[in-house]
Amino acid sequence: MAMAMTALRREGRRALLSAPSQSAAMAARSPAISQPEIAPLGARSISTQIVRNRMKSVKNIQKITKAMKMVAASKLRAVQTRTENSRGLWQPFTALLGDAPSVDVKKNVIVAITSDKGLCGGINSTSVKVSKALQKMTSGPEKESKYVILGEKGKVQLIRDSRKHIEMTVSELQKNPINYTQVAVLADDILKNVEYDAIRVIFNKFQSVISFRPTLVTILSPEVMEKESESGGKVGDLDSYEIEGGETKSEILQNLTEFQFSCVMYNAVLENACSELGARMSAMDSSSRNAGEMLDRLTLTYNRTRQASITTELTEIISGASALEG
């Protein structure tokens with residue numbers, strides 16, 4: 001009886017050792033069994049390894065998004081104070097010289113202010129869409145409309161289908177802290193290199209961390225402003241003041257227009273920078289939350305896969321022991 005049991009155990013070991021080759025031969029003969037179902041030894045650990053690597057990459061991404069949110073929040077506090085202080089610079093010009101966004105002129109210049117970096121929501125797409133719509137409205141048979149683009153992201157989007165309308169591009173404006181002298185030099189450079197009857201500055205006005213508003217400010221040339229004033233148009237309260245000294249009205253308008261443009265540009269660049277930081281802060285917060293949710297799902301998947309692997313191994317061990325015992 002003992003010799004018979006020993007023989008049965010020996011036959012069972014031979015059957016277990018030959019099972020993989022027999023199953024492979026059956027799979028080769030039978031088209032009903034797909035090739036991926038027959039995995040080599042250690043194949044159970046592949047799926048858990050993939051999930052583990054995915055979890056590691058998601059954790060790294062979450063660390064980056066949290067760090068970017070903190071950096072944007074720290075920069076926002078400083079820029080927001082300067083932005084609020086700059087709003088009082090150009091607003092008196094609106095009362096003095098007026099703001100006529102619907103004025104019809106021949107030479108229009110659209111100054112689109114965007115950011116150099118991405119990962120800040122849709123502020124750049126919003127500025128580009130408004131700029132394109134404004135360019136279509138101010139173009140015509142006897143009109144021309146040109147772009148002056150501030151920021152790399154606006155340049156990349158507008159250069160695709162509006163290359164011939166781009167007159168001037170400026171990038172890396174926010175590489176250093178923005179100051180009025182820097183923006184005034186840029187505004188003077190734009191006025192010297194671009195012919196215009198009306199300059200229309202488009203930027204995102206900061207309202208809160210999660211809210212910004214596309215804003216348009218129109219600046220007329222001194223010649224157009226005089227024509228509008230003579231024709232009875234509403235251009236501001238400048239005519240209600242008396243001019244003293246040796247300067248003429250044209251010279252005063254020329255100086256005021258240049259000063260107005262530099263003040264508008266300074267505030268617009270700060271407003272857009274503030275909106276960019278707020279949008280990036282909000283976007284990185286959403287990304288961090290999404291990464292956390294993805295980690296929860298991956299952890300659940302990893303635990304289920306690992307539990308299934310352990311259960312399968314236990315089942316095979318029990319089945320093999322039962323077969324050996326006969």
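Residues are called buried when their relative accessible area is under 20%, exposed when it is over 50%, and partly exposed in between, using a 1.4 Å probe and protein chains only. The model is predicted, so local features need pLDDT of at least 70 and side-chain atom pairs count only at pLDDT 80 or more, while totals for chains, interfaces and linings use all residues. Residues are numbered from 1 along each chain as its sequence is written, and side-chain values rest on heavy atoms, with hydrogens and water left out.

Five strands form an open sheet with mixed pairing, in the order β3-β2-β1-β4-β5; strands here are DSSP runs of E with at least two residues, helices are runs of H or I with at least four, and both are numbered from the N terminus. Two strands are taken to pair if DSSP finds at least two bridges between them. At the edges lie β3 (166–170) and β5 (211–220), each of which pairs on one side only. On average, and with direction ignored, neighbouring strands of the sheet are turned by 20° against each other. Strands β1 (residues 107–113) and β4 (residues 198–208) run parallel and are joined by five bridges. Within this pairing, Val109 stands opposite Ile199 in β4.

Helix α3 (residues 123–137) touches β1, β2 (144–150), β4 and β5, and its direction makes about 150° with that of β4. Helix α7 (residues 249–325) likewise touches β1, β2, β4 and β5, with an angle of about 35° to the direction of β4. These angles run from 0 to 180 degrees between N-to-C directions, with axes fitted as lines to C-alpha atoms, for helices over the stretch in contact.

Turning to aromatic rings, those of Phe, Tyr and Trp (its six-membered ring) pair if their centres lie within 6.5 Å; planes under 30 degrees apart count as stacked, over 60 as edge-to-face and the rest as tilted. Phe93 is buried at 7% relative accessible area, whereas Phe259 is partly exposed at 43%.

Tyr180 and Tyr266 also form an edge-to-face pair, with 5.7 Å between centres and 85° between the planes. Tyr180 belongs to helix α5 (residues 180–193) and Tyr266 to helix α7, 86 residues apart. Tyr180 is partly exposed, at 28%, while Tyr266 is buried, at 12%.

Methods:
Contact = heavy atoms within 4.5 Å.
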